[in-house]
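Colleague: I would like to learn how to read strand pairing and aromatic contacts in a model like this one. Could you take me through them step by step?

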Amino acid sequence: MKVLMGHGLARKYGERIEKLGYQVLSYDEKNPNEKSDYGEDILIGAIDLKKINYKDHKNLKYIFLTSVGIDFLDLDYIKEKEITLSNNNGAYDDPIAEWIVYGLLQINKDDRRNIENQKEKLWKKRSFAYNLYGKKALFMGTGTIAVAGAKRLKGFEIELNGFNTSGRKVEPFDNVYSLEELDRILPEMDYLIMCLPETEKTHRILNADRFKRLKDGVVVVNISRGSTIDEAALVDAIKSGKVRGAALDVFEEEPLSKYSELWELENVYIYPHISFACEDLGARQFATAYQNLKALKNAGDFKNIVDFDKGY
């Protein structure tokens, strides 16, 4: 069977794939449609697959993603053609969980002012900073990333709350609330941490109406998908003081436009979709795809097969 991936991935993992008995093909990321059809059975990649005309690839049977997100693909087409799709769910839990803690601490300790003072060589003491302990956090979503984040925050003596559609209990959350309970409990929360996949149900789930329900001075962290927040409503909420600070790794449109007001707002920390970054990225990036390549050769069980009805 033939495996197609970009030149960069092929350089990293091609030899390992060939040892499994596959033929490795690669394309130039700058010109992915140099050939109309590469003849591959399996396509491996992430957001770069958005640029490739995989619908013209007549032999394509499997897509193994190195990313968690799947929203850049034509899921209706993949479902119609019965192409097996897997994502890399779980691979980046640890680094993203650390990023959640990092974002909260940056906001609470006014990190931008600390850095600016250091640059100016200013010895400027202040006696006030916000605490994590004794507060309530709501994780919007209770998947593996949210669980990893909650575990790391547990030591800060925060009340850990989760949200999922049914209110199904998940460890280590102290409480888990359902969609029917969401609007009732939102005003109680000090920190709102977005960990939801992009689906029709989650699109702008944090909207203008829900910002109004939040307590004044709430902190928002988003490491999931930009579409889960109404960005214009977020800007308004920050300007009004409803949102005290935000740490944002994802946006409705990426790259974030240089004309976005978010760049200029005080106590907003912007990351260019890098919360997955870590020392062992290579191993994490290829984890699921490699396991599924082995499963395909040995009639084993696939990992992280996408449920098209759920959208993840």
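Colleague: In which sense do strand 1 and strand 2 pair, and over how many bridges?

Modeller: Bear in mind that this is a predicted model. Strand 1 and strand 2 run in the parallel sense and pair over 5 bridges, with leucine 4 standing opposite leucine 25 in strand 2. Strand 1 also pairs with strand 3 in the parallel sense, over 2 bridges, and there valine 3 stands opposite isoleucine 42.

Colleague: How is a pair of aromatic rings described?

Modeller: One gives the distance of the ring centres and the angle of the planes. The count here comes to 13 aromatic pairs. In one of them, the rings of tyrosine 27 and tyrosine 38 have centres 6.3 Å apart and planes at 55°, so the pair is tilted. This pair links distant parts of the chain, as tyrosine 27 belongs to strand 2 (residues 23-27) whereas tyrosine 38, 11 residues away, lies in the loop between strand 2 and strand 3.

Colleague: Are tyrosine 27 and tyrosine 38 buried or exposed?

Modeller: Both tyrosine 27 and tyrosine 38 are buried.

Colleague: Which ring does the charged end of lysine 297 sit over?

Modeller: The charged end of lysine 297 sits over the ring of tyrosine 22, at 4.7 Å from its centre, and arginine 112 lies over the face of tyrosine 269, 4.4 Å from the ring centre.

Technical notes. Residues are numbered from 1 along each chain as its sequence is written. This is a predicted model: local features need pLDDT of at least 70, side-chain atom pairs count only at pLDDT 80 or more; totals for chains, interfaces and linings use all residues. Side-chain values use heavy atoms; hydrogens and water are left out. Rings of Phe, Tyr and Trp (its six-membered ring) pair if their centres lie within 6.5 Å; planes under 30 degrees apart count as stacked, over 60 as edge-to-face and the rest as tilted. Helices (H or I, at least four residues) and strands (E, at least two) are DSSP runs, numbered from the N terminus. Buried means under 20% relative accessible area, exposed over 50%, partly exposed in between (1.4 Å probe, protein chains only). A charge sits over a ring if NZ of Lys or CZ of Arg is within 6 Å of the ring centre and within 35 degrees of the ring normal. Two strands pair if DSSP finds at least two bridges between them.
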